[in-house]
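Q: Could we go through this structure together? I would like to begin with how the model was made and then turn to the details.
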Amino acid sequence: MALGYPTAVGLNKDHKVTKNVSKLRHSHHHRRLAQHTKFLRDMISGVCGFVSYEWHAMELLKVSKDKRLLKFIKKRVGTHICATREREELSNVLAVMRKVAAKKD
């Protein structure tokens, strides 16, 4: 185990300096959802409701055709990862709708 003294021998024989701490690069923040953006998207979806393909997808979820649903959403959205994210989101919405309906009765 090497000691942290500034000596001129051994593996740590270089000039001791303090590390320069820099800000995170913009590329590290890329694709991260901001809090304001999330708020706006939720508000818009609350006002406007769901898109027609989302209603169709929720009907497929009710019948528990998950594989067919994933294929359907993937065709509409574009990528597999976005489709799985959309499926999870719609299943959460459906669970909330069920909870509200059970509370009414």
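A: This is a predicted model, in which local features need pLDDT of at least 70 and side-chain atom pairs count only at pLDDT 80 or more, while totals for chains, interfaces and linings use all residues. Residues are numbered from 1 along each chain as its sequence is written, and side-chain values use heavy atoms, with hydrogens and water left out.

Q: How many salt bridges does the structure hold?
A: The structure holds 2 salt bridges, the term meaning a side-chain nitrogen of Lys or Arg within 4 Å of a carboxyl oxygen of Asp or Glu.

Q: Which side chain does D42 meet in a salt bridge?
A: D42 is paired with K38, at 3.4 Å from N to O. Both residues lie in helix α2, 4 residues apart, about one turn of the helix. Helices here are DSSP runs (H or I, at least four residues; strands are E, at least two), numbered from the N terminus.

Q: Changing topic: which residues form the nonpolar patch on the surface?
A: The patch is formed by F39, L40, M43, I44 and V47, with about 500 Å² of accessible area together. Patches are made of residues with over 30% relative accessible area and no salt bridge, with like charges joined within 9 Å and nonpolar side chains (Val, Leu, Ile, Met, Phe, Trp, Tyr) within 5 Å. Accessible areas come from the Shrake-Rupley method with a 1.4 Å probe; for residues, only the protein chains shown count as cover.

Q: Where is M43 placed?
A: M43 is in helix α2 (residues 35–48). M43 counts as partly exposed, at 43% relative accessibility.

Q: What about V51, where does that lie?
A: V51 lies in the loop between α2 and α3, and is partly exposed, with a relative accessible area of 43%. The C-alpha atoms of V51 and A101 are separated by 21 Å, the two residues being 50 residues apart along the chain.

Technical notes: Buried < 20%, exposed > 50% of the residue type's maximum accessible area, 1.4 Å probe, protein only.
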